[in-house]
Amino acid sequence: MVKKIFVALAALMMTVSASAQFEKGKVYLGSSLTGLNLSYNGTNHTDLGVQLQGGYFFADNLMLLGQGQYQHYGNSANADEFLLGVGGRYYITQNGIFLGAGCKWVHAYHDYNDFRPGVEVGYAFFLNRTVTVEPALYYDQSFRKHSDYSTVGLKLGIGIYLFKD
């Protein structure tokens, strides 16, 4: 019985602390390793990339994001991509799960350009009041050639939630 009460109190504390992190007016800074050799598309098979993000909570649980990304593909020395994007996230405060959507403009070697809308689902695991580890699954849809450039992958990020004064 004591064990059940302790588990219930711990769950309540996690809910209260998580909901306090996603308030209007806060700023978010994050970076992610994308791919981790766990993403796949029809042309490049495996990849590794670095993503930087900045965001602002314009309402409780709703964040606008800007991002930049560099992606390198393992099977070709000339297959580097540079991405710029905008998007948003909705945080389910009871458990730290977030849902995201956005659009990326992609520029790659030999004047290849693409527009890729995408979605993600992830989890914000707080290490302390401001720093998180954020694993996420993502899907980016290519308008240039779906079968070759649309991507499903896993990313692992670190986020910093800056408190408003």
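Biologist: How many helices and strands does the secondary structure of the chain comprise?

Modeller: This is a predicted model, in which local features need pLDDT of at least 70, side-chain atom pairs count only at pLDDT 80 or more, and totals for chains, interfaces and linings use all residues. Residues are numbered from 1 along each chain as its sequence is written, and side-chain values use heavy atoms, with hydrogens and water left out. Helices (H or I, at least four residues) and strands (E, at least two) are DSSP runs, numbered from the N terminus. From that end the elements run α-β-β-β-β-β-β-β-β-α-β, which comes to two helices and nine strands.

Biologist: What share of the residues of the chain counts as buried?

Modeller: Buried means under 20% relative accessible area, exposed over 50%, and partly exposed in between (1.4 Å probe, protein chains only). Of the 165 residues, the buried share is 38%.

Biologist: Is Asn61 buried or exposed?

Modeller: Asn61 lies in the loop between S2 and S3, and its phi is near 70°, a positive value in a residue other than glycine. Most residues other than glycine have a negative phi. Because its relative accessible area is 17%, Asn61 is buried.

Biologist: Which class of accessibility does Val121 fall into?

Modeller: Val121 belongs to strand S6 (residues 112-123). Its relative accessibility is 37%, so Val121 counts as partly exposed.
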